[in-house]
Structure formats: C-alpha cells, structure tokens
Amino acid sequence: MASHAIIGIISTAVPVRGTVSHKDTRRRIHLAQRRALLVRWMVAGLLRFAGLVAASGIMAPLLLSGATTQQTMPSDRTIRDSSPIEVKDETGRAVRIPRPVRRIVSLAPSVTEALFALGLGDRVVGDTDFCDYPPEARQKPHVGGPVNPNIEAIAALHPDLVVATRSINRPASVRSLEQLGIAVYATDPRTVEQVLTSTQRLGELLDAGDAGRSLAANLGRRLSVLDQRLAGLPPKNVLMVVWLDPLISVGHDTFLEDALRRAGAHSVIDSRQSWPNVNLEQVIRLQPDYLVFSSDDPRQVQRQLAELQQRPGWRRLEAVRNRRFIVVSEAISHPSPRLVDGIEQLARALYPSQFNARAAGLGGRVELFPALVIARGSEPIFPQAGERP
C-alpha cells in the first residue's frame, strides 16, 4: 500500500549520519572512486576530467529541504553543446551536468516511471530494488533501496547523471556521489501540478523537451476534463490509509493530499505532518464516508479488508460496517506521470454517475482504469490488466 509514501516515511526515520562513516564502506568508496577516475580519464581525457573534478569540488552539498524552486533550464543551443552545463534542481542546488547525458541511474520509483514515460528508458542503466513499473524497469541493474543505495554499485555503472528525489533520498547518499564526481539532480514535486512541471523539466534537461511538453500537456488535458466532470460537487470525506499497522494517513503539503482533492475527495485527517500516525479513536469521531487504499495486489487487499472487518475498534466505523472501501492502484501513491491514472480511478469510484458521457454532457468518453469498489451486498470485481470501463 502506497509504496512511495512508505519509503518516504522510512527515510525520515533513518539518521543522516553513519552511512559513509564506517571504515569498510569508506574503503569501498575509495576504491570505487579510483576506478571511476581511471575510466573517466581514459575515456574523456585528462583535461576534461580535471575540469569536472574542479567543478564538483565547489558544488554546494545537497540540502534536501525547503519548497520547490524554479530551476534554470538550458537553452536549445546549450543542449547541442558537448560541454557541461550548470542548472538548478528542484531543491535549489546548483548541479553541473556533463553533456550529453547518455547513462542515468534513478534513485526512486517515481523518477524511473517519469524517465520511461519520457521515452528515456534506454538511457536508464540502473535503478532501485523498488522500481517495478514499467515492467522493463525490473530488468535494469539494481543499486539497492532508495534510502540506503549502494554507492559502489552506482559508481560501477559510470552514470553521467543520477536523478534523486527529495522525499525519499538522503543527503548523505548524494554527498557520497558528489565526492565521486557524479552529478546528482533532485526532484521535489509536492502537488499534482508540480508533478507535471517536474516531468517536463526533466525532459528538457535530458534533451527530450518535445516529449516532456507533449506528456505534460496530455496529462493537463485529462485533469481539465476531470475538473469539468466534478465541478460543483461537494467533496467526499475519506480516510486515506497509507499504512494499516500502525495506522498512517496523509497530511498537508504532499502530492497525495493534492491528488485526493483533484479526485473530489477530502481527507478527514488535518495534520501538518506529511505522513501522520493516526489514532483510531480520532477516525471514529470523524466517521469518514470511505476508506481509501492503494494496492496492486487484489488478493492481499481482500485478505486485509476481511481481517479489518473483524476488528472490534474498526467496526465502530460506519464505512467499515457498510464495506465502503475503495482500492485504487499504487499509481496514486507515486508522484510520477501515472499519478493522473490513480486520480481518475479514485474519482470514478467516488462519483460513478459523472463518468457516463451522456449524463456528463461532455460529448466524449474518457478512458479510465477501473478502481476496485467494495460495497455492501456486492462482490469485489478485479479487472484484468488492460481492461477499460
């Protein structure tokens, strides 16, 4: 359930210090650095390599905090040049990137999904153990988990660029990579709109500007159609279950809270924490209309919901007694282009009558992936892969 969000929760609980302080790890990084330097010297030449090392030595350390900032993107003329460029990533860091970028390592599932959506999957030479979409991502060499990736494995892949994300990657990992002379660009989308602009910026940075603009425009059109269908409807109160034991939901200033809003849902949890631990008694007082889960494993969901209905505390919720559960795919828990798929699924589950084209009066049929909606007196329906409503 909500895998990207859970990785983010784990990352906030892991201390920044300690990853590169052990003698063995430091020795491995030192050896990896020497190998990386040798390869770069042989391939790029001593003068160019010396310039890159000098540039990396003056780069500011990653401070993965603060709001998303407007980055400076290279011009078309700069993209055609072979010399490195300096841009600001979404955390405001100055990053010096070699040109062209042919080898990319992704440190987050959402980044991997965005790169493939931009048509850059052939340039991805490594990703994390959690990168499982699209299926081709599973075939890439893995470099460990996003929270504690294997720095030596990343260096061995000789990437031109590593793409990280503020929400789940640690400053210590980025500093270690920078010490090896490897450029790291960080994304930081916190709203649905920022997911679109972040994807477009990534496309521009990687010389896939046309693909990025086209993708962002298409996703924007889908969201506009969704806004039309839901216009004037009161939002449904929901509890978004990010994790069940302990109970974790969604708070303010997160892409997932904004995704719920765009789907016509209102989270009953009012918290300044991004991923707050929630007291069941608090939920019982709030009595949400629906419980919303995200999962790509329907059998596991069936078992969990059946078990949930047997818990005395949870049965005090009217939504549980009446089986008002909505299960959408894990697309809604990833700040990547397919987040829009998850938003559409949830909106269709909450407002099924609005997705009858004739009733909506929009003169067309919107392609949506059906959500699993379990209501009292009905059996859950699990659509086959690729089905449309």
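User: Where is the place of Pro246?

Analyst: Please keep in mind that this is a predicted model. Pro246 lies in the loop between strand E7 (236–240) and helix H10 (255–262). A cis peptide bond joins this residue to Asp245, with omega at about 0 degrees. Pro100 belongs to the loop between strand E2 (94–97) and strand E3 (104–106).

User: Which value does phi of Asp207 have, and where is the residue found?

Analyst: Phi of Asp207 is near 60 degrees, a positive value in a residue other than glycine. Asp207 sits in the loop between helix H8 (192–205) and helix H9 (209–230). Arg323, also not a glycine, has a positive phi of about 55 degrees. Its loop runs between helix H13 (318–321) and strand E10 (325–328).

User: Is Arg323 buried, partly exposed or exposed?

Analyst: Buried means under 20% relative accessible area, and exposed means over 50%. Arg323 has 23% relative accessibility, so it counts as partly exposed.

User: In what order do the four strands of the open sheet lie?

Analyst: The order is E4-E3-E5-E6, with parallel pairing. Strand E4 (124–126) and strand E6 (183–187) stand at the edges; each has a single partner strand, so one side of each lacks a neighbour in the sheet. On average, neighbouring strands of this sheet are turned by 35 degrees against each other, direction ignored.

User: What packs on the sheet?

Analyst: H8 does, touching strand E5 (161–165) and E6. The direction of H8 makes about 155 degrees with that of E6.

Technical notes
Residues are numbered from 1 along each chain as its sequence is written. This is a predicted model: local features need pLDDT of at least 70, side-chain atom pairs count only at pLDDT 80 or more; totals for chains, interfaces and linings use all residues. Side-chain values use heavy atoms; hydrogens and water are left out. Helices (H or I, at least four residues) and strands (E, at least two) are DSSP runs, numbered from the N terminus. Buried means under 20% relative accessible area, exposed over 50%, partly exposed in between (1.4 Å probe, protein chains only). Two strands pair if DSSP finds at least two bridges between them. Axes are lines fitted to C-alpha atoms, for helices over the stretch in contact, and angles run from 0 to 180 degrees between N-to-C directions. Contact means heavy atoms within 4.5 Å.
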